[in-house]
Structures are given as C-alpha cells and as structure tokens.
Amino acid sequence: MAIIKPLKAIRPTRDKAALATARSYDEYSKKELKSVLNYNPYSFLHIIAPGYADDEIFSGNEKFEKIKESYLNFKNEDIYRKDDKPQYYLHEKSYKGDVFWGIIAAAHTEDYQNNIIKKHEDTLQHREELFGNYLDLTGFNAEPVLLTYPESNYLNRVYRKYKETRSEYEFTTHTKRLHKLWIINDEMDISNIEKEFSKMKAIYIADGHHRTASSNYLAKKRKKENPNH
C-alpha cells in the first residue's frame, strides 16, 4: 500500500512567495535569466546560479557546494523558513479556465523499490548518480515529482474544503498563471489523507523519473552507510 506522509517544508515567507518562486532553470531563455537575476534578489534562481553576481562560473561538486551555501544564505536572511511540524500542502494552478491541483507530500523510496510507485520510463545510471550526488551535497530537493493516483472522492472533498478558505499564498506570474497554496495542518485531515493513500495498491510517476531514481539512489547509499537511516 502506498506510503504518503506529511513533511516539514522549507518555503518562502508569505510576503516573498511570488518573488522567491521560480520555474525550472532550463525553461528560461538567457534574456529572461539575466532579467530575473539582475532585478529580483529573492528569486530561487540565485540559489541554483551561484556566482552570477560576481561573474564566476562553477562546475561539478564545487557548484553543488556553492548552491548549498546560497541556499543557507536564503534561510539565514529569512527568505525561507522551515515549518515547525509535518503537514501537507495543497497547490492549485489555474490558467484560462483550466484548473490543476495536487497535494505536496513525501513519498517512500521503498515504495519505489517495491514497485508500488510505478514507472513507465527507463532511467540512465549516470544521471541517477549525478542528481543523487547533487541532493547529497546541497541538502534540499526543490522540484517535486508528479505522481498520479486512482480517483479518490475523499481527496476531492479535501480539495473542495480548503478551496473555500483563505490560501497561504496567492499570486499570478508574468505568464498569467494564478497560483494558490493552502496549509493542511489539521491533525484529523492529516491522518485521513495518509490513510486514504494507504488504501491504494499503486501510484504512478507522471513526471520526474530521474528525480525519483536519484532520491532512491541516495536513500540506498545512506542506508548502506547507516543501517538505521
């Protein structure tokens, strides 16, 4: 049965959410990158493009260490904060009448190993190791994997319930996408969401096969180094 757990997210403060949020690095043109990095000091892009301000170029493990340093600076400057207790996060994105929503949560690497988390693409070992090393050195995972699951009336009701309340974040990007995020911290809701997923025999990777495989690579590595991990 699928193991889905709440987590203590490290996330932007409410007043900086719109500024700190970024798309995947590869989605930006050079012109867009330059504009964001020059005029938005809160953008997550400053973390994954270390050395930009000083016109320095890093690669390999040195780059990963610099990314971690930039990330810790953002935390120290109170741009990001870690939540006090594990909780779920409900994210909604809407554009031109289309609405997409999902629950941000932690999945178990053993479910991946046991084929409860199912994949439909093969992965390349060198990329698994590269991304796994990145996660190991930077200490954070910034881009979620998209998992789908069988239709759940209960989870749909959870979405409708929170949609009627004030969201923690609400902002529109320059591409006219409206984002909202709610915090699910009610103990009963947390317990019931976990139980609902535990009834599912399988969940499926829709996007993020290498990200999932790299997390699994790192989990196995740490398990080998410390059996109690």
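**View 1. Strands β9 and β10 pair in a predicted model**. Four bridges join β9 to β10 (residues 178-184), and the two strands run antiparallel. Strands are DSSP runs of E with at least two residues, helices are runs of H or I with at least four, and both are numbered from the N terminus; two strands pair if DSSP finds at least two bridges between them. Thr-172 stands opposite Leu-178 in β10. The hairpin has five residues between its strands, and Lys-176 takes a positive phi near 70°.

**View 2. Helix α8 (residues 187-198) and its buried side**. Buried means under 20% relative accessible area, exposed over 50%, and partly exposed in between (1.4 Å probe, protein chains only). Asp-189, Ile-190, Ile-193, Glu-196 and Phe-197 are the buried residues of α8. They cover an arc of only 130° around the axis, so they lie on the same side of α8; the arc is that of the directions from the helix axis to the C-beta atoms. Glu-187 and Met-188 are exposed on the other side of α8. What covers the buried residues includes β1 (4-5), β4 (88-95), α7 (153-163) and β10, where contact means heavy atoms within 4.5 Å.

**View 3. The N-terminal end of α8**. Asp-186 caps this end, with a side-chain oxygen 3.1 Å from the backbone nitrogen of Met-188.

**Notes.** Residues are numbered from 1 along each chain as its sequence is written, and side-chain values use heavy atoms, leaving out hydrogens and water. In this predicted model, local features need pLDDT of at least 70 and side-chain atom pairs count only at pLDDT 80 or more, while totals for chains, interfaces and linings use all residues.

Definitions and conventions. The expected span of a helix is 1.5 Å times one less than its number of residues. A polar contact is a pair of N or O atoms within 3.5 Å; within protein, one must be able to donate a hydrogen and the other to accept it, and residues adjacent in sequence count only if both atoms are side-chain atoms.
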